[in-house]
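Welcome, and thanks for opening the viewer. Let's take a short walk through this structure, one selection after another.

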Amino acid sequence: RCYILSNENGKIQLSLRQSRLNPKISSKVEDVEITCIKDVKKGQLVRGYVKSITPSGVFFGLSTSLLGRIQFQNVSPYFVQKHSLYEKYLPEGKLLTAKVLSVNGKEKHIELSLLPKDTGMPSVLPESLGLPQYDAEEQKREADDKEKSEEPKLKTKRRRGNSESGQEKIKLHWRLAKVRNCSFWETKPKKRKIYPTDENDSGIEVYYREEDDQEEEAAKQISKIRKPHEAPRLQVSMGFTWDEDMNAMDIPVLNQKEESSESEEEEDPQSKLKKKTKKEKELEKQKKEKELCKVEAALMDPSRQPQSADDFDRLVLSSPNSSILWLQYMAFHLQATEIEKARAVAERALKTISFREEQEKLNVWVALLNLENMYGTEETLMKVFERAVQYNEPLKVFQHLCDIYASSEKYKQAEELYHTMLKRFRQEKSVWLKYASFLLKQGQAEATHRLLERALKALPTKEHVDVISRFAQLEFRFEDTEHAKALFENTLSSYPKRTDIWSIYMDIMIKHGSQKEVRDIFERVIHLSLAPKKMKFFFKRYLDYEKKFGTAESVLAVKKAALEYVETKSSLTDT
């Protein structure tokens with residue numbers, strides 16, 4: 001049943017809403033119907049379908065006539081360069097929950113958000129993709145801008161420091177010259193000049209002022225200690241000799257200045273990037289092309305095994321419905337003990353694999369159950385199990401979990417789960433047989449016999465022969481041969497014309513019994529009153545057995561018995 005909304009231009013719009021199909025039922029409506037823009041309020045949580053993805057954002061259908069837009073920065077907290085990634089995780093028609101950010105009634109514009117902080121739902125892009133977040137990108141840009149703005153300031157400061165240091169050296173030179181020309185017998189110390197300080201002063205001039213103060217203090221102390229009538233001595237701050245010429249003093253200062261200017265000129269070309277010639281650019285381009293060719297050839301090699309998460313991502317993109325690739329991807333993370341990443345891969349596989357591929361999805365669910373059994377807790381295992389039961393055939397999920405418990409030697413949990421299965425699926429023959437196999441593996445033969453009686457009471461009569469035969473085969477396999485023979489003999493005495501049971505009994509006895517027991521069974525079969533085709537089948541099997549394990553006399557005896565059977569049949573037809 002459905003409700004017809006409109007029938008225009010040969011197009012019929014239908015609705016499956018329960019509120020329209022059964023208006024009398026006053027049940028809670030999960031998604032309130034949106035007919036116009038007035039029904040949408042700011043801050044409201046709405047559900048809708050992905051309509052399309054364009055360069056301006058994701059368009060979101062709230063109703064048949066109303067669309068909303070989600071800008072890319074409001075789709076996911078992760079920064080995505082290629083918008084084609086959104087097409088993979090936001091296919092057309094996908095149902096999602098969004099929050100209304102703003103409503104413009106005049107222009108009929110609705111801005112929405114899919115961010116987890118707004119909707120409370122998981123991000124549409126999984127964390128396993130390793131994408132950067134928007135906040136990290138903005139901080140990186142701000143840091144880059146700050147570095148670019150500080151570079152010219154550092155250069156100007158360096159130049160200013162160099163020029164100031166050069167000026168300080170020149171000042172020092174002239175002050176030393178004045179010291180040379182001063183009077184030898186001058187006793188009055190000169191007054192220290194007070195130099196004005198500058199905000200951009202590098203500190204070098206201050207250093208020499210402090211040195212002058214130290215020199216003056218030392219001169220005063222010497223003049224106090226000096227003997228009376230002794231001429232004062234000239235104090236110089238650096239190594240000084242009278243026979244040194246004035247030009248000798250100029251040389252080291254000027255040389256230092258020339259060396260500093262030369263070092264600056266040498267540093268400048270190193271700091272600047274060298275411009276590459278056309279030939280160098282061409283060689284670099286060829287080198288990059290060769291490297292790309294090597295990478296492409298390696299990726300195209302079918303025998304190449306994936307070595308990284310990127311390799312697995314490429315493989316699952318090319319074959320998204322292959323459960324084998326997804327399981328290998330999970331195993332890759334488990335080898336590196338990355339349990340959370342393996343879980344994320346499993347969840348991603350369940351979302352990616354098509355709903356038509358039921359067996360492929362079931363394989364992933366079983367792998368996830370194994371993962372939780374090995375690395376998770378009982379609580380996480382039960383949560384995954386309950387989800388798996390909802391999305392798959394319950395019986396298959398129960399059976400797989402029983403196998404997982406048995407293989408990991410959790411026999412108590414397995415037995416409890418089998419009891420639950422016998423109550424829930426008591427009409428399923430496979431459940432009884434699986435539990436019988438489990439008990440026989442544990443060596444509980446008596447429990448298996450009691451289980452057979454329960455199975456015959458629970459299952460319909462037409463299944464009894466097959467169930468008894470299967471139980472007998474299991475007991476033969478786990479070396480409870482006497483009880484298995486008794487089951488076969490009782491079944492064949494009740495159903496002597498069941499040739500399929502005779503054939504199974506023969507095969508098992510050939511494998512587990514003696515030659516005498518096998519020949520007795522063949523002799524019993526060839527003397528039954530069965531259809532000629534079936535008798536021919538058993539005579540042929542008897543003859544093949546004697547050719548393989550018997551003697552020439554036993555082979556002749558089988559042929560003679562077959563000839564007698566043919567003659568008696570022909571005589572009966574003649575009469």
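## Start with the whole chain

Show the surface first: the chain's accessible surface comes to about 40200 Å², and carbon and sulfur atoms account for 53% of that. Keep in mind as you look around that this is a predicted model. Now switch to a cartoon view, where the chain has 22 helices and seven strands. Of its 575 residues, 29% are buried. If you display contacts with a separation of 6 or more, 52% of them join residues 24 or more positions apart.

## Stop one: a patch on the surface

Select Ile4, Ile12 and Leu14 together. These residues form a nonpolar patch on the surface, and their accessible area together is about 310 Å². Is Ile4 buried or exposed? Ile4 has a relative accessible area of 54%, so it counts as exposed, the cut-off being over 50%.

## Stop two: a residue under cover

Now move to helix H3, residues 116–119, and select Thr119 there. Thr119 is classed as buried because its relative accessible area is 9%, and buried means under 20%.

A polar atom of the Thr119 side chain lies 3.2 Å from the backbone nitrogen of Met121.

Technical notes: Residues are numbered from 1 along each chain as its sequence is written. This is a predicted model: local features need pLDDT of at least 70, side-chain atom pairs count only at pLDDT 80 or more; totals for chains, interfaces and linings use all residues. Side-chain values use heavy atoms; hydrogens and water are left out. Patches are made of residues with over 30% relative accessible area and no salt bridge: like charges are joined within 9 Å, nonpolar side chains (Val, Leu, Ile, Met, Phe, Trp, Tyr) within 5 Å. Accessible areas come from the Shrake-Rupley method with a 1.4 Å probe; for residues, only the protein chains shown count as cover. A salt bridge is a side-chain nitrogen of Lys or Arg within 4 Å of a carboxyl oxygen of Asp or Glu. Buried means under 20% relative accessible area, exposed over 50%, partly exposed in between (1.4 Å probe, protein chains only). Helices (H or I, at least four residues) and strands (E, at least two) are DSSP runs, numbered from the N terminus. A polar contact is a pair of N or O atoms within 3.5 Å; within protein, one must be able to donate a hydrogen and the other to accept it, and residues adjacent in sequence count only if both atoms are side-chain atoms. Contact means heavy atoms within 4.5 Å.
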